[in-house]
Amino acid sequence: MSASPSPPVARQTSVARQTSVVQQTTVEPSTRSAPSTQHPAAVADGILDAIGNTPLVRLRRYLDRPDLELYGKLELANPGGSAKDRPATRMLAEALERGLVGPETLIVESSSGNTAIGLAQFCSFHGLRFRCIVDPRTQKQNIAILGAYGAEVDCVTEPDPLTGDFLTARLERVQQTLDSHPNTFWPNQYANPDNPLSHRLGTIREIVESLDGRLDLLFVATSSTGTAQGCQSYLRQHRLETRVVAVDAKGSVLFGGQRGERRIPGLGAGKEPPLAASVSFDHIERVSDLECVVGCRRLARREGILAGGSSGGVLEAVRRMAPEMPRDTVCVAILADRGTRYLDTVFDDAWVERELGCSPDGLQRAVEGTAPTTA
Ligand SMILES: Cc1ncc(COP(=O)(O)O)c(C=O)c1O
């Protein structure tokens, strides 16, 4: 956004800030609880200018450890609903700038979720043609969102005959599309350095500036590893001692993981992306699908934040590691997307019982922290 970075208000409590607003100014009763910042909201020059400068929110209730400072970086507040607005916009803006994309170009990408939505948002704004390659497991809601932005959707119906997986079949379809059209561009988020760069220039810079560099542990969900890599490279460049915890899914092949079934979209990878080939993080923490559900439910009930599956996983990784943290440790968890697209999975008791084998009672106890998270 063209506005200055987030004001450094992160350490003040929202209650304290609201009180000072009420004391200093005469506010109509109906608006008293609304403003939590003393600065007027910036005006964005178009929707893409509204990407970034997402809120950093103190989470006082999630952990039962008042001596720790936990913050959530609400990437879910980006206009397309996720952290992927940043790389989608950066990859295409750079391609436009370098003349790789023009009004006649067909942009093609294999994605069934947040990246696709971020790309569709950009292409709609710039009047560009975007074709998204999806497969039968893509959520109907996401296909509807892509259609609403004016994107073309090409659904691969059969998995790759050799490997049996849909990802390979989708990438094959991308290649066929590139080969059969004269003017195409493939952002390829899994290999494109503009993906991590968008987080280095945005996400982590905003976090560090909001906290004046006071950050001990950063928890980031991984798939392309773009977010975690971009954050880590900024921290190292600025010689900050923050440790980066990559939170990956059980069943993901990243970081030498064993391939297995995964039901939470966005988190983990079934194939190692080129971006991840030579990268390592300070610590890897693996979370189960059920831990993602427990984290999302706990976040919604304790903090009033409705976030998607990977955010729940990241917060449960924080909760698991909390007993080893000395008092006053400052942690930030990146909350990558909104919970509204998970209402019929993560937030649906019947789905959790059927797919993850956890009864509503067992789930409730895990969310409250009175029983361990086991199916
Ligand atoms: C909800 C969600 N969380 C986390 C990630 C992982 O981010 P990255 O691809 O930057 O590793 C993704 C990626 O698609 C995602 O959609």
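Four strands form an open sheet with parallel pairing, in the order 5-4-3-6. The model is predicted. A second open sheet has six strands in the order 1-2-10-7-8-9, and its pairing is mixed. The ligand lies between domain 1 (44-81 + 196-368) and domain 2 (85-185), because both give residues to the shell around it.

**Four-stranded sheet**

- In the sheet ordered 5-4-3-6, the edge strands are strand 5 (152-155) and strand 6 (184-185), each of which pairs on one side only.
- Two bridges join strand 3 (residues 106-110) to strand 6 in the parallel sense.
- Leu-106 has Thr-184 in strand 6 as its bridge partner.
- Helix 5 (residues 166-180) packs on this sheet and touches strand 3, strand 4, strand 5 and strand 6. The direction of helix 5 makes about 165 degrees with that of strand 3.
- Helix 3 (residues 114-126) lies across strand 3 and strand 4 (129-134). Relative to strand 4, helix 3 runs at about 165 degrees.

- Strand 1 and strand 2 (residues 69-74) run antiparallel and are joined by three bridges.
- Opposite Val-57 stands Gly-72 in strand 2.
- Helix 7 lies across strand 7 (217-221), strand 8 (243-249) and strand 10 (330-335). The angle between helix 7 and strand 8 is about 175 degrees.

**Shell around the ligand**

- There are 19 residues around the ligand, of which Ser-224, Thr-227, Gly-266, Ser-310 and Ala-336 come nearest.
- Helix 3 and helix 7 (226-237) are the elements that give two or more residues to the shell. Helix 7 gives the most, with three residues.
- By residue class, the shell holds four nonpolar, 13 polar and two charged residues.

**Helix 8 and helix 11**

- The axes of helix 8 (residues 289-303) and helix 11 (residues 360-368) come within 9 Å and cross at roughly 65 degrees. This crossing is right-handed.
- On the helix 8 side, Val-294, Arg-297, Arg-298 and Arg-301 meet Leu-363, Ala-366 and Val-367 of helix 11.
- The residues of this contact divide into four nonpolar and three charged, with no polar residue.

Note on methods: Residues are numbered from 1 along each chain as its sequence is written. This is a predicted model: local features need pLDDT of at least 70, side-chain atom pairs count only at pLDDT 80 or more; totals for chains, interfaces and linings use all residues. Two strands pair if DSSP finds at least two bridges between them. Two residues are in contact if their C-beta atoms, placed from the backbone, lie within 7 Å. Axes are lines fitted to C-alpha atoms, for helices over the stretch in contact, and angles run from 0 to 180 degrees between N-to-C directions. A residue is near a molecule or strand if its C-beta atom, placed from the backbone, lies within 6 Å of it. Ala, Val, Leu, Ile, Met, Phe, Trp, Tyr, Cys and Pro count as nonpolar, Asp, Glu, Lys and Arg as charged, and the others, Gly among them, as polar. Domain bounds come from an automatic or database domain assignment. A crossing is left-handed if the near helix is turned anticlockwise from the far one by less than a right angle, and right-handed if clockwise.
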